[in-house]
Amino acid sequence: MKLSFQLNGDAVTAEVPDHTTLLEMLRDEFELLGVKEGCGHGECGSCTVLVDQKSVNSCLMLAAYVNGKNVQTIEGLGGAQGRLDPLQEAFVKHGAVQCGFCTPGMVMSAKALLAENPSPSRDEIRWGMAGNLCRCTGYVKIVDAIESVCKGGCSCGKGS
Ligand code: FES
Ligand code: FES
């Protein structure tokens, strides 16, 4: 099957077998290794990417679904010359990364969460991130990092 879609801002094509998952295509065809395979069946969130701005578990989605759509992975999040996205900076600053395996999925889920709700409460952050598991950090620093992006950079008024 031949697919055409936007990937991290570029128009791309791929030819993959019908049963290929989005996770497999992103890692194997495009070498986007920031898309992690943890459980492989929708439990851990480590494979989270954005499709048309919505977070999805790429291990559960067939690659065919993204034909004509817009896909964003962690590799497409930063700016020019290696500049980090504010969420990535916040994860570093708050020590929300240990082994780092869950981090790309965490950041992409947080991106989708803040796009829908730029001023989430801590409970809303916890609820919004419930599909992403971390074996290292205990979650408090992850919530701190996401909350800080709102407080530091958005127009909700929390930070003023
Ligand atoms: S690898 Fe997709 S949810 Fe765990
Ligand atoms: S930092 Fe290790 S799994 Fe989250």
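Helices (H or I, at least four residues) and strands (E, at least two) are DSSP runs, numbered from the N terminus. The model is predicted, with local features requiring pLDDT of at least 70 and side-chain atom pairs pLDDT 80 or more, while totals for chains, interfaces and linings use all residues. Residues are numbered from 1 along each chain as its sequence is written, chains are lettered from A and ligands numbered from 1 in the order in which they are written, and side-chain values use heavy atoms, leaving out hydrogens and water.

Pairing between β3 and β4 is antiparallel and spans 4 bridges; two strands pair if DSSP finds at least two bridges between them. Within this pair, T48 has N57 of β4 as its bridge partner. A hairpin also links β1 and β2, again with 2 residues between the strands, and here N8 takes a positive phi near 50°. Strands β1 (residues 2–7) and β2 run antiparallel and are joined by 6 bridges. Along them, K2 stands opposite E15, and Q6 stands opposite A11.

Contact here means heavy atoms within 4.5 Å. Axes are lines fitted to C-alpha atoms, for helices over the stretch in contact, and angles run from 0 to 180 degrees between N-to-C directions.

Turning to the helix pair, the axes of α2 (residues 86–93) and α3 (residues 103–116) come within 10 Å and cross at roughly 125°. That makes α2 oblique to α3, as angles under 35 degrees count as roughly parallel, over 145 as roughly antiparallel, 65 to 115 as roughly perpendicular and the rest as oblique. The contact is made by L87, Q88 and F91 of α2 together with T103, M106, V107, A110, K111 and L114 of α3.

At the level of the whole chain, domain 1 covers 2–76 and domain 2 covers 80–153, with bounds from an automatic or database domain assignment. Their C-alpha centres lie 20 Å apart, and 17 residues of domain 1 are in contact with 13 residues of domain 2.
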